[in-house]
Amino acid sequence: MNASSFKEELSGRFGWKVGKTEKSSGRLYVNPEPEIFEDMVEFVFKEHGGRLATISCVDEEDLFRLLYHFSLDDRGLMVTIKLPVKKDGNPSTKSIANEIPGAEWIEREIREMFGVDFEGHPAKKRLLKADSVGDEDFPFRKDFDVENLEVD
Amino acid sequence: MATTIPIGPYHPLQEEPEHYLLTVEEEEVLDVDVQIGYNHRGIEKLSEKKTFNQVPFVVERVCGICSHSHPYAYCLAVEDCGGIEVPEKAKYIRTLIGELERIHSHLLWAGLAGHFIGYDTVFMWAWRYREEVLDVLELLTGNRNAYAMMKPGGVQRDIPREHLEEARPSLTTLKEKSEMLYNAVLDDPVMKARLEGVGVLEEEAARDYGALGPTVRASGIPIDVRADYPYGVYDELDWKVITRDAGDVLARVEVRLLETLEAIKMSEQIIDEMPEKGPIDSEPENVPPGEGIGNYEAPRGECFHYVGSDGSNRPVRHKIRAPTFMNFPTYKATCVGETVADATIILASVDPCYSCTERAISLKGREGVDLMELSVERTEELKREFGLDESPLEEVLNE
């Protein structure tokens, strides 16, 4: 029920651009048009007090899919906003860490592990990767060669 | 003039490796920078190579303290993905172990917190009484830690009624002792002088950073996954979400100690109400393609797992986010402007758990080698180094 009513609220604000949605009890997955992505994040975070639980990065064949999980704790609803990021060239998207400080570490982790760049991120430095792992080695990508990784 | 104080990555006061850089001017902290990653074991990646039923054993090793929390969150994610039902009795068992784990984790932290501020009496009390709950966990699951109870669709083992009854006296003792600890800590003027108004996390900052668990509840925000997304049998139990408004370290101590008492109360109710008979496992055969989210209230806050399935017997993606990953960055809001002496307890007050935060063992080029084998090898190496070919006793006997 929660998922349906929140979907209505999203449609009321963004119309058809909300895109395809899937829902189940306590979960709502949204695939918005990329142009309204930032507005939707602001809508969920600022106007509805959505708590950024985390961002999951999924390595699909030709793109990375970023899943921004926002929890609306008072409704018991986990809203996941999906954003595709093209793989070829230099995969990148805009950072939300300036608006949501909690995203800073999350984006740093994804940048290190998947090589997705976040434009405008306030602290683009290493958080987790060992010094022996190269800047261009992204351990969590599907094509990463774990067997031949050098270690100290 | 500003000075930089490096602490770590290995330091006698720290239980795990992490590296802090405190920029200070005289006694005042101006800035803090943190480097972690010393414990990264790549568990998310490892998990993609295991079957759905093997993953609980892997994620159980994400963290030695929350060894029930991660498998529970993972199972919730798989059950969410596949629409898998869990039998009533299994829910009771899962919830019981979860609450007992909370008791041991909170007492562990209370002891460490006492130690960090130089109050070792609290450290010894808390850890002494914590033994009691570890004994209960050993009685019920066979292990003090890493209980191996979870599986998608239910639990691995049943708990016989006589073991539940045997646990009761321990819970009564724990209740008395935790009350005593709470009174002793909250009554003590030294604790107040040392912790009140220290490291305040304002409500707005707590929301911006997405802080979790006791850290955020001590800042007056009543979020708790057990109440917001009821799983297990929490909606059948009589308990309340503990909050405090002050947002300082003392409030975090208070919230954790009161939660310990709530957890003991809940454990007793579960023992009273646990069904005598019934299945403990719905034995799901496969996980259909799709995705699922599992969020679980671990002792430190929401533990978040995302599982993607393509219909095969392994997850295609398994994302793990431990509560410390969200709680720890709040140091920016709480440490700056405080004194160096207070920085240690403020950093410790979110109950940081780095092993969880990083989740990554380097076994590169050695895949499949048993840890046991590595350990034996290392012992042999050391023996050669020190010229110890035979055991010391044999040496004496041969003389």
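# Notebook: chains A and B

I began with helix 14 of chain B and asked which residues are buried there. I found B:D342, B:A343, B:I345, B:I346, B:L347 and B:A348 to be buried. I note here that the model is a predicted one.

Next I looked for what covers them. The cover over the buried residues of helix 14 of chain B includes strand 2, strand 3, helix 4, helix 11 (249-273) and helix 13 (331-334) of chain B.

**Helix 4 against helix 14**

I followed up helix 4. Helix 4 (residues 88-116) and helix 14 (residues 340-348) of chain B pack at an angle of about 170°. Their axes are 10 Å apart. Angles over 145 degrees count as roughly antiparallel, so helix 4 of chain B is roughly antiparallel to helix 14 of chain B.

Which residues meet here? On the helix 4 side of chain B I listed B:L112, B:A113 and B:F116. On the helix 14 side of chain B they meet B:T344, B:I345 and B:A348. I sorted this contact by class: five residues are nonpolar, one is polar and none is charged.

I then checked one pair. Strand 2 (residues 19-25) and strand 3 of chain B run antiparallel and are joined by seven bridges. I found B:E25 opposite B:E28 in strand 3 of chain B.

**The nonpolar core**

I looked up the largest nonpolar core, which holds 142 residues. Which members touch the most other members? They are A:V79, B:A77, B:V78, B:I93 and B:A110. Leaving out residues up to four places away in sequence, B:A77 touches B:G292, B:I293, B:G294, B:H305, B:Y306 and B:V307.

**Where the chains meet**

I turned to the contact between chains. Here 30 residues of chain B are in contact with 27 residues of chain A. On the chain B side, the elements that give two or more residues are helix 1 (43-47), helix 8 (203-209), strand 6 (290-298), strand 7 (301-309), strand 8 (315-321) and helix 12 (323-327). Strand 7 of chain B gives the most, with four residues. I counted classes on this side of chain B: 10 nonpolar, seven polar and 13 charged.

**Chain A**

I ended with chain A. I found three helices and seven strands in chain A. From the N terminus, the elements of chain A run α-β-β-α-β-β-β-β-α-β. Chain A has 152 residues, and 43% of them count as buried. The C-alpha trace of chain A spans about 55 × 30 × 25 Å along its principal axes.

Strand 4 (residues 63-72) and strand 5 (residues 77-86) of chain A run antiparallel, joined by 10 bridges. The bridge partner of A:S71 is A:M78 in strand 5 of chain A.

How values were computed: Residues are numbered from 1 along each chain as its sequence is written. Chains are lettered from A and ligands numbered from 1 in the order in which they are written. This is a predicted model: local features need pLDDT of at least 70, side-chain atom pairs count only at pLDDT 80 or more; totals for chains, interfaces and linings use all residues. Two residues are in contact if their C-beta atoms, placed from the backbone, lie within 7 Å. Ala, Val, Leu, Ile, Met, Phe, Trp, Tyr, Cys and Pro count as nonpolar, Asp, Glu, Lys and Arg as charged, and the others, Gly among them, as polar. Axes are lines fitted to C-alpha atoms, for helices over the stretch in contact, and angles run from 0 to 180 degrees between N-to-C directions. Angles under 35 degrees count as roughly parallel, over 145 as roughly antiparallel, 65 to 115 as roughly perpendicular and the rest as oblique. A nonpolar core is a set of buried Ala, Val, Leu, Ile, Met, Phe, Trp, Tyr and Cys residues joined through C-beta atoms within 7 Å. A residue is buried if 20 or more other C-beta atoms lie within 10 Å of its own, exposed if 12 or fewer, and partly exposed in between; C-beta atoms are placed from the backbone. Two strands pair if DSSP finds at least two bridges between them.
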